[in-house]
Amino acid sequence: MFARKEKNMAEIPTGGEMLWKMEGDDRVLYLRHNSSEQWRPYEEFPQYVLPDPQGFSKGIATFLALLKKDWTATKS
């Protein structure tokens with residue numbers, strides 16, 4: 001299963017945008033491929049989602065993986 005996730009991450013396009021939004025008391029990762037798209041929760045991109053360590057913000061593992069793919073973190 002881990003190898004499959006690695007393969008999926010290799011196929012992710014580079015250069016997207018990421019944003020952290022507060023949802024209640026939690027920070028949640030939002031994504032878009034370019035500035036002409038609306039922000040969407042990272043869970044709407046199941047091909048990118050990686051499991052998060054317990055106690056971390058929702059999407060942190062995906063965020064770190066996308067940083068390696070030259071995605072940009074945008075301030076909210």
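Biologist: To start with, are Arg 32 and Glu 17 buried or exposed?

Modeller: Arg 32 is buried, and Glu 17 is buried too, where buried means under 20% relative accessible area, exposed over 50%, and partly exposed in between (1.4 Å probe, protein chains only). Before going on, some ground rules. This is a predicted model, so local features need pLDDT of at least 70 and side-chain atom pairs count only at pLDDT 80 or more, while totals for chains, interfaces and linings use all residues. Residues are numbered from 1 along each chain as its sequence is written, and side-chain values use heavy atoms, with hydrogens and water left out.

Back to that pair: Arg 32 and Glu 17 form a salt bridge, with the closest N and O atoms 2.5 Å apart. The term here means a side-chain nitrogen of Lys or Arg within 4 Å of a carboxyl oxygen of Asp or Glu. Arg 32 sits in strand β2 and Glu 17 in strand β1, so the bridge links distant parts of the chain, 15 residues apart. Helices (H or I, at least four residues) and strands (E, at least two) are DSSP runs, numbered from the N terminus.

Now the sheet itself. It is open, with 4 strands in the order β3-β2-β1-β4 and mixed pairing; two strands pair if DSSP finds at least two bridges between them. At the edges are β3 (40-41) and β4 (72-74), each pairing on one side only. Strand β1 (residues 17-23) runs parallel to β4 over 3 bridges, and Met 18 has Ala 73 in β4 as its bridge partner.

Helix α2 (residues 60-67) packs on this sheet and touches β1, β2 (26-32) and β4, contact meaning heavy atoms within 4.5 Å. Its direction makes about 160 degrees with that of β1; axes are lines fitted to C-alpha atoms, for helices over the stretch in contact, and angles run from 0 to 180 degrees between N-to-C directions. Since 6 of the 8 residues of α2 are buried, the helix is largely enclosed by the rest of the structure. Among them are Ile 60, Phe 63 and Leu 66.

By that salt-bridge rule the count is 3. Arg 40 meets Glu 44 at 3.0 Å, N to O; Arg 40 is partly exposed at 31% relative accessibility, and Glu 44 likewise at 44%. Glu 43 meets Lys 58 at 3.2 Å, N to O. Both lie in the loop between β3 and α2, so this pair ties together parts 15 residues apart in sequence. Glu 43 is partly exposed at 38%, as is Lys 58 at 35%.
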